[in-house]
Amino acid sequence: MTYAIIEICGKQLKVEPGRFFELDRFDLEVNEELNIDKVLLVSHEGEIHVGQPYVEGASINGTILKHSRGRKVIVYKMQPKKKTRKKRGHRQELSRLMINSISLGGNVIAQKEAEATTEAVEA
């Protein structure tokens, strides 16, 4: 199993090809490609490559699937005996990112299954 740990949107995520993640909104259109170079760790066939702080030559390729809004969070502030109450809501703007492939040293070491089977049929 090939996976990578990346740093994106101030968070660290364990990503695998073919999986999608909800992250803070990107300024990209739907179906646009996103290349992530901040790769902290890559594990492939028992070999582990650890960066200091990032792995050189490693990159993650992904696609923006859609933009949406998260669940509503209610913030309620109250001061007892003062008749002061504030009720506010917030919905976070999100983007869904599909991980297409993991590359190390310019070579694709893992990619989404649908693409792999399509390329095998064409070859």
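Colleague: Does K81 count as buried or exposed?
Modeller: K81 counts as exposed, at 86% relative accessibility. Buried means under 20% relative accessible area, exposed over 50%, and partly exposed in between, with a 1.4 Å probe and protein chains only.

Colleague: What kind of model is this, and how are residues numbered?
Modeller: This is a predicted model, in which local features need pLDDT of at least 70 and side-chain atom pairs count only at pLDDT 80 or more, while totals for chains, interfaces and linings use all residues. Residues are numbered from 1 along each chain as its sequence is written, and side-chain values use heavy atoms, with hydrogens and water left out.

Colleague: Back to K81. Where is K81 found?
Modeller: K81 is in the loop between β8 (73–79) and β9 (84–90). Its phi is near 65°, a positive value in a residue other than glycine. Most residues other than glycine have a negative phi.

Colleague: What is phi of E45, and where is the place of E45?
Modeller: E45 has a positive phi near 50° and lies in the loop between β5 and β6. E45 is exposed, with a relative accessible area of 67%.

Colleague: Which residues does a cis peptide bond join?
Modeller: Q52 and P53 are joined by a cis peptide bond, with omega about 0°. P53 is in the loop between β6 (47–50) and β7 (58–69). Most peptide bonds are trans.

Colleague: Let us change topic. How many strands are there in the chain?
Modeller: The chain has 11 strands and one helix. From the N terminus on, the order is β-β-β-β-β-β-β-β-β-β-β-α. Helices (H or I, at least four residues) and strands (E, at least two) are DSSP runs, numbered from the N terminus.

Colleague: Which strand do four bridges join to β1?
Modeller: Four bridges join β1 (residues 3–8) to β5 (residues 39–44), and these strands run antiparallel. A4 has V42 in β5 as its bridge partner. Two strands pair if DSSP finds at least two bridges between them.

Colleague: Over how many bridges do β1 and β2 pair?
Modeller: β1 and β2 (residues 11–15) pair over five bridges, in the antiparallel sense. E7 stands opposite Q12 in β2. Two residues lie between the strands of this hairpin, where C9 takes a positive phi near 55°.

Colleague: Is S103 buried or exposed?
Modeller: S103 is buried, with a relative accessible area of 12%. It is placed in strand β10 (residues 93–104). Not counting residues up to four places away in sequence, S103 touches G57, A58, S59, V108 and I109. Here contact means heavy atoms within 4.5 Å.

Colleague: What about the whole chain: what radius of gyration does the chain have?
Modeller: The chain has 20 Å, whereas a compact globule of 123 residues would have a value near 14 Å. The radius is taken over C-alpha atoms, and the globule rule is 2.2 Å times the number of residues to the power 0.38. Along the principal axes, the C-alpha atoms fill a box of roughly 70 × 35 × 25 Å.

Colleague: How many of the residues count as buried?
Modeller: Of the 123 residues, 33% count as buried. Among contacts with a separation of 6 or more, 61% come from residues 24 or more positions apart.
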